[in-house]
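User: Hi! Could you walk me through this structure?
Analyst: Happy to, here it comes.

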Amino acid sequence: MFLQLALAVFVAAAGSATPLASGTAAAERPCSSPYLIDRELPGGARWQLCWEMRTIEGLTLNRVTYVPKGSPAVSVLRSAALAQIHVPYDSGEPRYHDIGSLGSAAIPLTDADCPGGERRRQVVCVTTRPRGHAYLKDGFGDPALRRSKQGRELVVLSAYQVGWYTYISEFVFGDDGSITPRAGATGSLAGTTTAPKHGWPIGVGSRHFEESHSHNVFWRMDFDIQGASRDVVEQYDFAGDRTKKRALKRTVLRRETKAVNQRMRWWRVVDPKVRNTDLHPVSWEINNSDSAQYRGPSDEAFTRADLYVTQYRACERLATYNVAPKCGKSVDRYAGRERVKDPVIWVNVGYHHVARDEDADPMPVHWQGFRITPRDVTAKNPH
Ligand SMILES: [Cu+2]
C-alpha cells in the first residue's frame, strides 16, 4: 500500500519550529538555463542543482537539493567536485597529479556520449537511466500486496582528456535520494614500460610490461543540510568482532579529522535540528568501502586517510597541489584540530590498475567511487 506522504520536514532553530515551504525551490536557485538542472524522475523524486565548469576542478555541482515525493525540499550539498586524481606508478615513478586545470581538458560531448539526454554547453551531459530494481516484495498470495518497481537515476557527467587517459566524471542522483559520485578511467594505456615485478605483459609475448599504477581519486563535498549551520559529522562503528553481538558505537567528529576505512564503518552528516515526521534528524550517510586504500610515502601524507573532515575554507579546493595563496597545499594539512562548524568532507577512493590485454584499445572504463545515502530524510520509503 502507499504510505501517507504528507511529511513535514521542519527546521527548529533557536527554539522555534519553522515548516519549510513545500515543493519547488527553483525560484531561489542561484543559476538559470543552461546551468540549472531541475529534474523530476518517474515516481516523483526531484533533484535541483546548478553546474559550472571550473578551470581547475572541472565539473562542479552547486546547491544540490533533494525533493522526495510528496515532501518539502531538503538542501544537501553546497558544492561537490573532483579534488584530485593522484596516479603513482608501482616502480615509484612517475607520480602524476592529474587535476590542476581539468576544466580546460573537458572534451566536447556527442549525442552518443549522452544517450537520451541534453548536452549543456557541449561539455556536460544531463540524462536519466534505469538503475534496476527499486524494490520487489512478495504479496504472499494477495496480488494487491505484490509490489515491484524499477528505479531511475539522474546522471550529470563530463569527460576530460589527460595525457593518454580519458576521465569521465559522473554524479548520479537516484530516485531513492542517493548520490553516487564516481570517476571512470578510459582512453588508452599510457604505454609506460617497466620491469616484470612492477607490471603485466601487454601485447604479443612478454616483451612489454605495462606498469601497474594507482588512481587515487579525491572528491570535495561541502555538505549544507538546510544551510551551513549546525551540520555535524559522526562516525559509526560496530564493536564485537568474532562474537555473536554487535554494539553500535557513535563518535562525533567535532574537530577536523583524518579518518580511515574499517569494516562496517560509515559516516554521516546530520543536522540535529532538521527532523523528519518521525522526529529523527535528517542526515546523509557516506560509505567508502570500495577503496584499495593506497598508502604512500611520508611526503604523500594525503594518501594516508580515506575520508577527511575539515572546517569550510574557500581557498581549500584541491586535495593536493592547491594553488590558492595563503592556503594549505594538501588535504592532510587542512585537517588540523580546528573545531568544525561547517564541515567539508574529502573522500579518497583508490583503485589499483594492473593492466591486461583487454585494456588495448580503447581501454574499457574502470570505475571508482563512493555512496551517499539518505538516512531518515523521509519517515518512510516515499515510493
Ligand atoms: Cu589506470
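**Salt bridges, metal site and rings**

Analyst: Arg131 and Asp175 form a salt bridge, with the closest N and O atoms 2.7 Å apart. A salt bridge here is a side-chain nitrogen of Lys or Arg within 4 Å of a carboxyl oxygen of Asp or Glu. This is a predicted model, where local features need pLDDT of at least 70 and side-chain atom pairs count only at pLDDT 80 or more, while totals for chains, interfaces and linings use all residues. Residues are numbered from 1 along each chain as its sequence is written, and side-chain values use heavy atoms, with hydrogens and water left out.

User: Which parts of the chain does the pair of Arg131 and Asp175 tie together?
Analyst: Arg131 lies in strand β9 (residues 124-137) and Asp175 in the loop between β11 and β12 (179-187), so the pair ties together parts that are 44 residues apart in sequence. Strands are DSSP runs (E, at least two residues), numbered from the N terminus.

User: Is Asp175 buried or exposed?
Analyst: Asp175 counts as buried at 1% relative accessibility, whereas Arg131 is partly exposed at 25% relative accessible area. Buried means under 20% relative accessible area, exposed over 50% and partly exposed in between (1.4 Å probe, protein chains only).

User: How many salt bridges does the count come to?
Analyst: The count comes to 25 salt bridges. One of them joins Glu234 and Arg250, with the closest N and O atoms also 2.7 Å apart. Glu234 sits in strand β16 (residues 232-239) and Arg250 in strand β17 (residues 247-252), 16 residues apart. There is also a network of salt bridges linking Arg129, Glu153, Glu170 and Arg182.

User: Switching to the metal: what are the protein donors of the copper ion?
Analyst: They are Tyr165 (OH), His213 (NE2), His215 (NE2) and His353 (ND1), lying 2.0 to 2.1 Å from the copper ion. Donors are N, O and S atoms within 2.8 Å of the metal (3.2 Å for Na, K and Ca); water is not among the atoms, so sites may look incomplete.

User: And which geometry does the site of the copper ion have?
Analyst: Irregular, with angles of 86 to 142° among its 4 donor atoms. Four donors count as tetrahedral if all angles lie between 85 and 135 degrees; four count as square planar and six as octahedral if opposite donors are over 155 degrees apart and all others between 65 and 115; anything else is irregular.

User: Where do Tyr165 and His353 lie?
Analyst: Tyr165 is in strand β11 (residues 165-174) and His353 in strand β22, so the pair ties together parts that are 188 residues apart in sequence. Tyr165 is buried, with a relative accessible area of 6%, and His353 is buried at 1%.

User: What does β22 pair with?
Analyst: Strand β15 (residues 213-223) runs antiparallel to β22, joined by 10 bridges; two strands pair if DSSP finds at least two bridges between them. Strand β21 (residues 307-311) also pairs with β22 in the antiparallel sense, over 5 bridges. In β22 (residues 343-353), 9 of the 11 residues are buried.

User: Last topic, rings. How does Tyr165 pair with Tyr167?
Analyst: Their aromatic pair is stacked, 5.9 Å centre to centre with 25° between the planes. Rings of Phe, Tyr and Trp (its six-membered ring) pair if their centres lie within 6.5 Å; planes under 30 degrees apart count as stacked, over 60 as edge-to-face and the rest as tilted. Ring pairs also link Trp47, Tyr66, Phe173 and Trp284 into a cluster.

How values were computed. Helix = DSSP H or I, 4+ residues; strand = E, 2+ residues; numbered from the N terminus.
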